[in-house]
Amino acid sequence: MKWFFDLRIATKLILSFGAVLVLTAALGVSAIFSMARINEASTDLSANWMPSVLAAMSMRSDVSDLRRWELAHMLAAADSDMALNETRMTETQAKLKTDGDKYRTLISEPGEKELFERFLVLNDEFMRLHATMLSLSREMKKEEARALAVGPSAKVMADMMVALDKLVAINTDGGVRSSASADATYAGSRASLIGLLVGIVAVGMLLALWVARSVSRPLIEAVGVARQVAAGDLTAQVVVKSQDETGQLMQALKDMNASLQSLVGQVRSGTDTIATASSQ
């Protein structure tokens with residue numbers, strides 16, 4: 001890695017901090033994508049699966065309520081009581097249609113639409129039988145109405161409940177899968193983020209030590225050479241190991257040491273010449 005040691009100190013620092021910043025940015029981007037995936041799973045759970053389960057359960061409750069008002073109508077003898085139950089049945093039918101329309105917008109799984117269409121066909125048959133039962137009950141043919149209720153109508157209602165239970169199961173399973181996916185995404189993201197964080201800390205420490213070493217060691221050597229020269233020892237061996245500022249400083253010390261050695265040699269030569277001339 002001599003090319004790195006030959007770079008200027010400012011360039012080394014910029015590259016080192018730049019590497020740490022790039023890794024930090026990678027950590028941030030990874031965290032953002034991980035949060036997006038977790039949010040997607042959470043949104044899918046709250047906006048699709050849970051509303052679908054609630055809508056299907058609400059339809060199931062509507063069918064049960066409708067049957068309850070039917071039985072109450074068949075047991076009623078007074079016109080006012082029958083009228084009250086007819087009002088309740090009309091309201092329940094309207095609610096069942098609203099819940100069905102809401103559920104239709106939430107269909108997302110393969111086969112779910114076909115199952116829902118099956119429920120609608122059964123519901124139409126149930127309503128046809130319901131109208132017949134209501135007419136018989138109004139005509140005070142209570143036994144015939146009850147026979148229809150516990151016979152064909154009960155069978156159709158049981159099939160409707162089976163279809164609704166399957167719809168609830170489909171969406172419950174979807175919610176479980178979405179929750180499991182969110183858990184898996186969290187676990188994987190947590191592990192990757194911890195790994196990136198540890199990597200960033202390790203790389204940052206290595207770069208800091210590398211840059212500090214590349215700067216401090218030549219400076220320590222330069223200080224040693226300067227002290228040796230200051231003490232009058234010009235025999236120091238100066239080795240230039242890089243071309244950055246510290247390398248240039250070592251080269252300058254080497255040139256200075258060579259110049260001082262040359263100067264001392266000249267002074268000694270002159271001194272010897274003067275001494276020889278004086279003795280003569």
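Reader: Happy to start with the surface: what does the accessible surface of the protein chain come to, and what share belongs to carbon and sulfur atoms?

Author: Accessible areas here come from the Shrake-Rupley method with a 1.4 Å probe, and for residues only the protein chains shown count as cover. This is a predicted model, where local features need pLDDT of at least 70 and side-chain atom pairs count only at pLDDT 80 or more, while totals for chains, interfaces and linings use all residues. Residues are numbered from 1 along each chain as its sequence is written, and side-chain values use heavy atoms, leaving out hydrogens and water. The surface comes to about 16500 Å², and the carbon and sulfur share is 66%.

Reader: Thanks! How many helices and strands does the protein chain have?

Author: Helices (H or I, at least four residues) and strands (E, at least two) are DSSP runs, numbered from the N terminus. Along the sequence the pattern reads α-α-α-α-α-α-α. The count is seven helices and zero strands.

Reader: Which residues have the most contacts inside the largest nonpolar core?

Author: A nonpolar core is a set of buried Ala, Val, Leu, Ile, Met, Phe, Trp, Tyr and Cys residues joined through side-chain atoms within 4.5 Å. Buried means under 20% relative accessible area, exposed over 50%, and partly exposed in between (1.4 Å probe, protein chains only). The largest such core has 31 residues, and those with the most contacts inside it are Met59 and Phe119.

Reader: And which element gives the largest share of this core?

Author: Helix 2 (9-75), helix 3, helix 4, helix 5 and helix 6 each give two or more residues to the core. Nine residues make up the largest share, and they come from helix 4.

Reader: Is serine 189 buried or exposed, and which residues is it in contact with, leaving aside its neighbours within four places in sequence?

Author: Serine 189 sits in helix 6 (residues 152-230). Its relative accessible area is 5%, so serine 189 is buried. Contact means heavy atoms within 4.5 Å. With those sequence neighbours left aside, the partners of serine 189 are Ser34 and Arg37.

Reader: Why does methionine 140 count as partly exposed?

Author: Methionine 140 is in the loop between helix 4 (112-138) and helix 5 (142-150). Although not a glycine, methionine 140 has a positive phi of about 65°. Methionine 140 counts as partly exposed because its relative accessibility is 44%.

Reader: Last one: what distance separates the C-alpha atoms of aspartate 79 and arginine 138?

Author: Aspartate 79 belongs to helix 3 (residues 79-104), and is exposed with a relative accessible area of 53%. Aspartate 79 and arginine 138 are 59 residues apart along the chain, and their C-alpha atoms are separated by 8.5 Å.
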